[in-house]
Number of protein chains: 2
Amino acid sequence: MPAGKPMYQISELQQIINEQISSKRYPVTPKELYEPITYMMGLGGKRMRPALLLIACNLFSDDISAAVDPAMAIEVFHNFTLLHDDIMDLAPLRRGNQTVHKKWNTNVAILSGDVMLVEAYKLLTSINPALLPDILTIFNRTAVEVCEGQQIDMDFEKQEHVSIEQYLEMIRLKTSVLLGASLKIGALLGGATSADAKLLYDFGVNMGLAFQLQDDILDVYGDPAKFGKQIGGDIISNKKTFLLIKARQLALGDDAASLQKWLTSSDLEAKVSAVTALFTKLGVRQLAEAEMERFAEQGFASLGQIGSVPETRKELLRSFANRLFVRES
Amino acid sequence: MPAGKPMYQISELQQIINEQISSKRYPVTPKELYEPITYMMGLGGKRMRPALLLIACNLFSDDISAAVDPAMAIEVFHNFTLLHDDIMDLAPLRRGNQTVHKKWNTNVAILSGDVMLVEAYKLLTSINPALLPDILTIFNRTAVEVCEGQQIDMDFEKQEHVSIEQYLEMIRLKTSVLLGASLKIGALLGGATSADAKLLYDFGVNMGLAFQLQDDILDVYGDPAKFGKQIGGDIISNKKTFLLIKARQLALGDDAASLQKWLTSSDLEAKVSAVTALFTKLGVRQLAEAEMERFAEQGFASLGQIGSVPETRKELLRSFANRLFVRES
């Protein structure tokens, strides 16, 4: 357990989280229920959400020990959503390894996911009873929103038309609110007022929107050596990202016909370069970058409004967020 | 909300629960997330678990209003387990209606089930903060145990040998602990001491074991007009019930060979009557009934040990349990 200090380094917080994950022992039996949980939690990842929760707590308190279990709750919950999403998306791989439903089977993936969701709640029960009802309420609301976001995302695949507003609302629910909730819960555990906790929530949601827009851009324009996923994957699958939605709005005449034609093409390599060229011609990259900037600025503005914390103490959160922005473009 | 009285009738408690269910409005969108929840909750059922929770509360308190949301939490949780179990068991029907994964699809059933689990937790957050950590801990432990029971039940299908002890442990986890937890949570909400709540938990678990053994017996020997399910269904599917496990232990020579032969027969009608005849010959019905009696007596003994409640006040719980025993044999 951390001894407490004014400002932890990100690497120290990640070490705390990774130690929690690697030292966690689930029951040995039933094997097919618990082995997938240990497997899933061991696949790695940036541990961004629990790190944000601990940073937020540390903004208001030198002692972050009460935030460690809740930080793990968020990480277990996040991995539960990935596990069930992978079933729904028929995904064969997760972070370069077989997904649970591929390595075992769908029933195992459903049931071990269910247990992970309960395990997340188990990790919340140690919270100070004075804070527990409020934090449970935030967690419950967020959990439902993340499921709503996943449903809306699946609905988009069957919809011909998706607006930018609908797209932004989907990514807000599916990915951003959990970043906001992580920060808000951490802040409350650190003793923040509800007004300050709300400002951190807004920071997190806006950053989440900005990160997702960055992901959309990198999927098309990223450096293949740094991005980690196949460049053009969204184009190949006709994913209704900010770029595609905006391009379909802006394309006229020949451009519109060309875009429509390429969307149904089975020559995937030509499709990626043709659609990328259309995106560039239509200027949707700049529009996405401007929107990303707008969300990032809104987020930093919320952070700036937290008056009870000196600016120097906010540096870690600022640099963490900034690091996520330039990570691989 | 109920006004409070010394002893509610079962029908009054069921009315409270059914009103809660029928007045509950989930968000309208995303449709495929929320419609299945309303559908599933509307399929009916005996509402036994929330009724037990309210009865247990009413044992210790005239005012049961604080127990209504937690009773609903248990019913929503129970229906979540049915929804996900139906996917895993490939069940086409639930209470005579299409299962959610048949009526919609598997993805819808996974995700709306996930939301139901979170909705159950939402219904717990209104609990008095002084009791919330303990009740959450009971709920979490029980939820994990129910999942463990489901996994062990699925494991049994692939196992050649299952012992009576393993079988009883499986049904304890899969069905009995939730009855125990319903009673324990209700008791704590009514102001019971933890010792009395524990005695009610033991009553519930033992009753659950007895009910499941009764179900095993009725599946073979029940009155088709009253049982509601196909008589012999367990025999047809070679389900490793108390009766089959015991019969395989006791059958010798020709009986053992005959039983083994019938288990692989595709003449289902002949299989049901031949295996039933073997069960009768081997006396496994009487053994199951004796075991059922033993659990019921243990349960009633625990109820008897609750000294702080007058015997007259325990009558409702006794008669409710007894009614469940004779319901359709």
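**View 1. The salt bridge between B:D62 and B:R313 in the predicted model.** B:D62 is partly exposed, because its relative accessible area of 36% falls between the two limits. Its salt-bridge partner is B:R313, and the closest N and O atoms of the two are 2.8 Å apart. The pair links distant parts of the chain, since B:D62 sits in the loop between α3 (48-60) and α4 of chain B, while B:R313 sits in the loop between α15 (284-304) and α16 (315-326) of chain B, 251 residues apart.

**View 2. The salt bridge between B:E160 and B:R248.** In this pair the closest N and O atoms of B:E160 and B:R248 are 2.7 Å apart. B:E160 is exposed, with a relative accessible area of 59%, whereas B:R248, at 30% relative accessibility, counts as partly exposed.

**View 3. The relation between the two chains.**

**View 4. The surface through which chain B and chain A meet.** In this interface, 36 residues of chain B are in contact with 36 residues of chain A, and the two chains bury about 3300 Å² between them, of which 73% is on carbon and sulfur atoms. The three residues B:L111, B:V118 and B:Q151 supply 16% of the area that chain B buries against chain A, more than any other three residues. Because 100% of the interface residues of chain B are also interface residues in chain A, the copies meet through the same surface.

**View 5. Polar and charged pairs across the interface, with the helices that carry it.** Between chain B and chain A there are 2 salt bridges, and 8 residue pairs are in polar contact. The elements that give two or more residues to the side of chain B that touches chain A are α2 (31-41), α4 (68-88), α6 (106-124) and α7 (132-158) of chain B, and α7(B) gives the most, with 15 residues. By class, this side of chain B has 22 nonpolar, 7 polar and 7 charged residues. In one salt bridge, the side chains of A:K158 and B:E32 meet at 3.3 Å, N to O; A:K158 is exposed, with a relative accessible area of 62%.

**View 6. The surroundings of A:I110.** A:I110 lies in helix α6 (residues 106-124) of chain A and, at 0% relative accessibility, counts as buried. Leaving aside residues up to four places away in sequence, A:I110 touches A:H84 and A:I87 as well as B:H84, B:I87, B:M88 and B:I110. A:F80 is 30 residues from A:I110 in sequence, and the two are 9.5 Å apart in space, C-alpha to C-alpha.

**View 7. A network of salt bridges in chain A.** A:E311, A:K314, A:E315 and A:R318 are linked in a network of salt bridges, and over all chains the structure holds 35 salt bridges.

Notes
Residues numbered from 1 in each chain as written. Chains lettered and ligands numbered in written order. Predicted model: local features only at pLDDT ≥ 70, side-chain atom pairs only at ≥ 80, totals over all residues. Heavy atoms only, no water. Contact = heavy atoms within 4.5 Å. Buried area = accessible area lost by both parts, 1.4 Å probe. Salt bridge = Lys/Arg side-chain N within 4 Å of Asp/Glu carboxyl O. Polar contact = N/O pair within 3.5 Å; in protein donor to acceptor, adjacent residues only side chain to side chain. Helix = DSSP H or I, 4+ residues; strand = E, 2+ residues; numbered from the N terminus. Nonpolar A, V, L, I, M, F, W, Y, C, P; charged D, E, K, R; others polar. Buried < 20%, exposed > 50% of the residue type's maximum accessible area, 1.4 Å probe, protein only.
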